[in-house]
Amino acid sequence: MRIGIDGRKIPRAAEYGPLRTLDHAVELGMDGVFFRTILDTTPNLDPGVLSEVRTHADELGLYLEAGLGKVNPYATPEAPELRRLGDGDIVLGFRRMIEAAASIDVTELWISTANAKPYPGRFATDRFRTDASWVDQLEATRKFLAKLGPIARDHGVHLNLETHEEITTFEVLRLIEATGDDVVGVVFDTANVLMRGEHPVRAAERIAPFVRQTHFKDAYVELVHGGALHESRACGEGLIDYNAILALLKPHRPDLNITFENDQPRSEAQRLYGLAAGTVEPHLIQLFDADWLAGHPDLTRDEYAEYIALVRDYTERIASGEIEGWRERRARPFEYDESVQWIRTATAHIEDAFERVGIERSEHVPA
């Protein structure tokens with residue numbers, strides 16, 4: 001397995017652009033780059049730029065992955081570039097992105113169902129929209145994937161659904177079954193599943209056969225009045241058991257790329273998302289709210305109990321001072337140096353997990 005980095009959140013990504021970002025990834029000890037969408041390499045799908053990115057990645061010995069965008073028709077209006085790429089035809093826009101990615105042999109492509117929102121509690125995700133039920137959104141997503149399926153097959157690519165904040169692994173698996181696992185796989189975001197009340201190891205057990213891309217990050221989850229607070233942490237600083245998860249993933253895809261979705265410098269996040277640093281508190285998972293519970297019909301009592309036990313133990317470690325609380329963390333600077341340290345901490349932890357599980361790290365080899 002190789003260890004790489006998210007091409008949008010790696011520090012200085014916007015400043016450096018795609019080619020310098022590849023160099024930067026090597027400088028940080030990474031084996032590859034996963035650009036969130038193919039548009040992050042060239043917004044207009046310029047064939048010359050695409051070829052340059054592919055050639056430079058090969059010269060550096062880096063793996064190259066990318067993505068497309070949101071495939072939930074209720075969410076796609078938030079990304080007008082997708083329709084613009086198709087001159088008003090969003091299916092054509094996706095076709096053009098798939099063709100562009102396939103032209104440079106990028107065949108594992110991230111997709112997702114919605115965007116996180118800066119609202120409290122359950123309204124932070126589209127799962128609890130009041131204008132369109134989640135059932136309707138999932139059905140619309142299924143229908144859209146059915147349109148993209150033949151295009152993906154024709155070009156030999158996989159469309160990989162992220163275990164994003166709003167969707168459960170159970171629902172991801174049903175979408176794979178409906179569309180076909182020859183065309184739809186999983187981007188396993190290890191921390192996001194906790195936002196849906198899923199135990200990370202139980203989630204990995206369910207989706208392991210279908211995981212083709214990853215977003216590895218850890219999670220801080222603290223029990224509080226009304227539920228639990230959730231925010232991302234570097235691998236090894238949260239409550240996720242990466243030894244167990246990697247042991248589950250290894251038999252199905254021993255050549256899987258492990259991509260970190262690191263915390264980016266706060267000033268860069270502010271420019272990208274328009275949110276002032278430190279103004280957004282950790283996400284509140286409303287674990288004990290009746291509407292929240294009713295909105296998770298697949299979650300079993302046993303897994304919910306195991307989840308609560310995991311979070312309770314971690315909360316006790318926070319209370320004892322073993323784990324830094326979120327307020328203390330937010331009070332400290334988090335810019336370039338801190339983001340780089342996040343990457344180094346995560347790398348050391350995953351390398352240690354590799355050794356424990358018997359996985360060899362296949363490092364980049366320049367051409």
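Which exposed residues does the face of H13 turned away from its buried side carry? I looked this up and found Asp337, Glu355 and Arg356. Exposed means over 50% relative accessible area, buried under 20%, and partly exposed in between, with a 1.4 Å probe and protein chains only.

Notes on the model. I am working with a predicted model, in which local features need pLDDT of at least 70, side-chain atom pairs count only at pLDDT 80 or more, and totals for chains, interfaces and linings use all residues. Residues are numbered from 1 along each chain as its sequence is written, and side-chain values use heavy atoms, with hydrogens and water left out.

Entry on H13. I checked the buried residues of H13, which include Trp342, Ile343, Ala346 and Ile350. They cover an arc of only 145° around the axis (taken from the directions from the helix axis to the C-beta atoms), so they sit on the same side of H13. Helices here are DSSP runs of H or I with at least four residues, and strands are runs of E with at least two, numbered from the N terminus. The buried residues of H13 pack against elements including strand S1 (2-6) and helix H8 (242-249). Just after H13, I noted glycine 358 with a positive phi of about 85°.

Entry on glutamine 213. I found glutamine 213 in strand S7 (residues 211-215). Glutamine 213 counts as buried because its relative accessibility is 0%. Its side chain reaches the backbone oxygen of alanine 66 at 3.5 Å. I also found a polar atom of that side chain 3.5 Å from the backbone nitrogen of leucine 109.

Key. Contact means heavy atoms within 4.5 Å. A polar contact is a pair of N or O atoms within 3.5 Å; within protein, one must be able to donate a hydrogen and the other to accept it, and residues adjacent in sequence count only if both atoms are side-chain atoms.
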